[in-house]
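The sequence and the structure come first.

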Amino acid sequence: MSEHVFKKKFGQNFISDRNLLQAIVSDSGVSAGDNVLEIGAGAGALTEVLDKVAGKVVSFEIDKDLQPHLLGLGLKRTQFVFGDVMKVPTQDIDRMFSGQYHIVANLPYYITTPLLFKFLGQSSNVATITVMVQKEVAQRMVAQKGEQDYGLLSVMVAFYGSACITRIVGRKMFFPQPKVDSALVKIIVDRNKFSGIDKADFYSFVQGCFSMRRKTLKNNLSHALGINVKTLSEMLDEKTLASRAEEFSLDELIEIYKKINVNR
Ligand code: SAM
């Protein structure tokens with residue numbers, strides 16, 4: 001590994017601190033017999049800890065230069081997949097495990113949001129997601145209504161489950177050192193929350209609600225959903241229409257979504 005050329009385009013900032021690696025696995029709650037999906041094996045430092053604890057680990061790595069090193073680790077419960085995780089259909093990944101699985105990863109930050117939506121939106125079997133992300137993104141993921149960071153990402157993460165930051169991790173813990181600090185976020189997926197709601201349609205609705213932050217719901221919804229203002233006034237009361245999306249919790253946005261859908 002000593003001669004590895006770190007590739008910025010793949011978000012390669014590795015962790016080698018044993019205590020931190022153990023803490024990530026401990027925060028994830030993964031225990032004996034559990035299935036784990038890791039995204040971005042890197043030098044395999046986190047993979048090695050997961051391999052000791054879990055029942056089965058599938059670990060994706062896009063950088064084929066790392067293949068000889070990773071295969072040379074001789075991990076017993078880990079199956080490495082060398083390729084881009086974003087290009088593999090989520091159903092195919094679900095089929096790599098029998099039953100539920102947990103995602104544990106020090107994520108390549110350039111794919112954080114699409115990767116979260118890939119698994120939250122498309123997988124039937126992800127139970128928890130414990131990921132290292134840029135600190136600012138973590139704050140947006142867990143923000144509540146009324147907080148500065150509250151927006152589309154906060155609402156959608158809340159839609160799929162409950163999320164919390166388990167620890168803040170300074171930039172010095174990574175090599176090469178990135179320009180930003182990080183945080184570990186754990187999401188516990190709760191499928192009851194979104195049963196009966198079309199996930200893609202609700203996402204488009206929330207995206208529309210937040211499309212222009214300073215604008216009212218009336219403005220944003222008429223533009224995003226193409227419903228004329230008069231029709232919107234028949235579906236929702238004036239106070240709601242004159243408010244901004246950031247003033248509503250997930251449950252309140254679901255209520256608004258249902259009222260619009262019933263009348264459409
Ligand atoms: N797990 C290691 C650690 O904690 O030290 C490495 C983490 S590093 C932040 C992210 C890793 O993800 C890199 O090794 C990178 O090559 C890999 N990666 C980036 N994009 C990927 C993708 N689309 N699919 C699979 N792996 C990817």
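In which hand does α5 pass α7 in their crossing? The crossing of α5 past α7 is left-handed, a term used if the near helix is turned anticlockwise from the far one by less than a right angle, with right-handed used if clockwise. The model is a predicted one, in which local features need pLDDT of at least 70 and side-chain atom pairs count only at pLDDT 80 or more, while totals for chains, interfaces and linings use all residues. Residues are numbered from 1 along each chain as its sequence is written, and side-chain values use heavy atoms, with hydrogens and water left out.

**Helix packing**

Helices (H or I, at least four residues) and strands (E, at least two) are DSSP runs, numbered from the N terminus. Helix α5 spans residues 112-122 and packs with α7 at an angle of about 25°, the axes being 11 Å apart. Axes are lines fitted to C-alpha atoms, for helices over the stretch in contact, and angles run from 0 to 180 degrees between N-to-C directions. The two helices α5 and α7 are therefore roughly parallel; angles under 35 degrees count as roughly parallel, over 145 as roughly antiparallel, 65 to 115 as roughly perpendicular and the rest as oblique. On the α5 side the contact (heavy atoms within 4.5 Å) is made by T113, F117, L120 and G121, and on the α7 side by L153, M156 and Y160. By class, this contact of α5 with α7 has 5 nonpolar, 2 polar and no charged residues. Here Ala, Val, Leu, Ile, Met, Phe, Trp, Tyr, Cys and Pro count as nonpolar, Asp, Glu, Lys and Arg as charged, and the others, Gly among them, as polar.

Helix α7 (residues 152-160) also meets helix α8 (residues 199-209): their axes come within 10 Å and cross at roughly 155°. That makes α7 roughly antiparallel to α8. The crossing of these two, α7 and α8, is right-handed. From α7 the contact takes L152, V155, M156, F159 and Y160, and from α8 it takes K199, F202, Y203, V206 and Q207. The residues of the α7 and α8 contact divide into 8 nonpolar, 1 polar and 1 charged.

Helix α2 (residues 45-53) has A45, L46, T47, V49, L50 and D51 as its buried residues, where buried means under 20% relative accessible area, exposed over 50% and partly exposed in between (1.4 Å probe, protein chains only). These buried residues of α2 pack against β1, α1, β2, β3, β4 and β5.

**Salt bridges**

A salt bridge is a side-chain nitrogen of Lys or Arg within 4 Å of a carboxyl oxygen of Asp or Glu. The count by this rule comes to 10 salt bridges.

| Pair | N to O distance |
|---|---|
| K7 and D65 | 2.8 Å |
| R171 and D181 | 3.0 Å |
| R213 and E246 | 3.6 Å |

R213 lies in the loop between α8 and α9, and E246 in the loop between α11 and α12, so the pair ties together parts that are 33 residues apart in sequence. R213 is partly exposed, at 37% relative accessible area. Salt bridges that share partners join K7, D63 and D65 into one network. R171 is partly exposed at 31% relative accessibility, and D181 is partly exposed at 23%.
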